[in-house]
Amino acid sequence: MKLMKRKIAIIGGGAAGFFAAANLDSSLYDISIFEQNTDVLQKVKISGGGRCNVTHACFDPKELVRFYPRGNKELVSVFSKFQPGDTMAWFEEHGVPLKIETDGRVFPESNSSQSIIDALYSNALKKGIAVNTKVSVKDIIPKEEGYIVETSKGEFLADIIIYTTGSSPKGMKLLAKLGHKMVSPVPSLFTFNVKDELLDGLSGTSFPDVKVKIPNLKSSENGALLITHWGLSGPAVLKLSAWEAVRLAEVDYQFDVEINFLNITYQEAESYFLDFKEKHSKKTIGQSKIFPTTQRFWNRVLELNRVNKDKQLANISSKEMGMILETLCRKLFRVNGKSTFKEEFVTAGGVDLKEINFKTMASKCLSNFYIAGEVLNIDAVTGGFNFQACWSEAYLISEALNSKSYHEKEGA
């Protein structure tokens, strides 16, 4: 007996929505994607500076979840079923060769996000999936069986909903109306707005390994740092902003941050300085490459501490050395606000995770209703981790809906 195809409405044409569609059995379902914007997969397009940071080469689920400030416990089981190695294999099988960079980030060999978009979009078209753009979903009305999806272009009847709207406030509001408990969203992955004379004119200066600390929160992160025209950015800042997203929102992004530009202790820095001074006593301090900083930054440190750059190292006093080391190892900045890191715009907040069955990503509040992606209260640090959560969650949905047990349960 031939199965009657059920209708699936995928609300949101981003990474999670398209990956769920890509892995659904189109012989069992009529699948339609609804996207309110003109183009689908917009975040995929701009990710990684237009190269698309697909995932991260971390293949142990227990290790992988350490990169997720929210959702780490729930994702252990999700990643045990579909992890970065599976993502890489999927894209390779669909004509997108990938490469792992030295920091573990994974990109298409083409260095273009269009390769990822083409693989997902062409797969959808081959399977006969209807991709509807410029269609906003105004309401979802549960019926005794299935749902009425009210859109800007009329009503659509669906047996099953896959909800992947990202961090859209409208999308979250609609889920709340349907009875889901929502955790109020706040920005994650943002840079720090800082005005300080040490940073003036040094935009573009980078440091390979620093320690960024928020003393009041007793939290810190290590990594690269970048001085920008508005303040401080780079992986160390972005990681810290992700882990402390909720607490920094509570203080309205007004806080002190301490930077150790060398990421070694004050005592270690002092030892290096004294050793260098002893070996190169006749060198001027301005010419001395004591620490791995740029010349421009080193000159600014000397200038602000009123140390004459033409002074020989032999004549540098203990007080002068102390001031230089304080600036390098314990510099305190006042943060007044944040700036969005546009390439990786992410929010913390969304659907309360207690309301999701993480074996299938099914809603515990609504029948035949599945949720994946950033609309959940799950987020990660930068490096391909947010996309990996989308791929894994979406895959679980497709596996659940393709399974024989699902169809037997539904009496198909």
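1. In this note, a residue is called buried when its relative accessible area is under 20%, exposed when the area is over 50%, and partly exposed in between (1.4 Å probe, protein chains only). By that rule Phe-190 is buried, because its relative accessible area is 2%. The model is predicted: local features need pLDDT of at least 70, side-chain atom pairs count only at pLDDT 80 or more, and totals for chains, interfaces and linings use all residues. Residues are numbered from 1 along each chain as its sequence is written, and side-chain values rest on heavy atoms, with hydrogens and water left out.

2. Val-335 belongs to strand β17, residues 331-340; strands (E, at least two residues) and helices (H or I, at least four) are DSSP runs numbered from the N terminus. Val-335 counts as buried because its relative accessibility is 0%. Apart from neighbours within four places in sequence, Val-335 has contacts (heavy atoms within 4.5 Å) with Phe-192, Asn-193, Val-194, Tyr-253, Gln-254, Phe-255 and Val-257.

3. The whole structure holds 24 aromatic pairs. Rings of Phe, Tyr and Trp (its six-membered ring) pair if their centres lie within 6.5 Å; planes under 30 degrees apart count as stacked, over 60 as edge-to-face and the rest as tilted. One of these pairs, Tyr-68 with Phe-385, is edge-to-face, at 6.2 Å centre to centre and 80° between the planes. Tyr-68 lies in the loop between α3 (61-64) and α4 (72-81) and Phe-385 in helix α13 (residues 385-402), so this pair ties together parts 317 residues apart in sequence. Both Tyr-68 and Phe-385 are buried.

4. Phe-190 and Phe-192 form a tilted pair, with 6.3 Å between centres and 50° between planes. Phe-192 is buried, since its relative accessibility is 0%. Elsewhere, ring pairs join Phe-19, Phe-82, Trp-90, Phe-91, Phe-387, Trp-391 and Tyr-395 into a cluster.

5. Strands β3, β5 and β4 make an open, antiparallel sheet in the order β3-β5-β4; two strands pair if DSSP finds at least two bridges between them. The edge strands, β3 (55-56) and β4 (98-100), each pair on one side only. Three antiparallel bridges join β4 to β5 (residues 105-108), and Ile-100 stands opposite Val-106 in β5.
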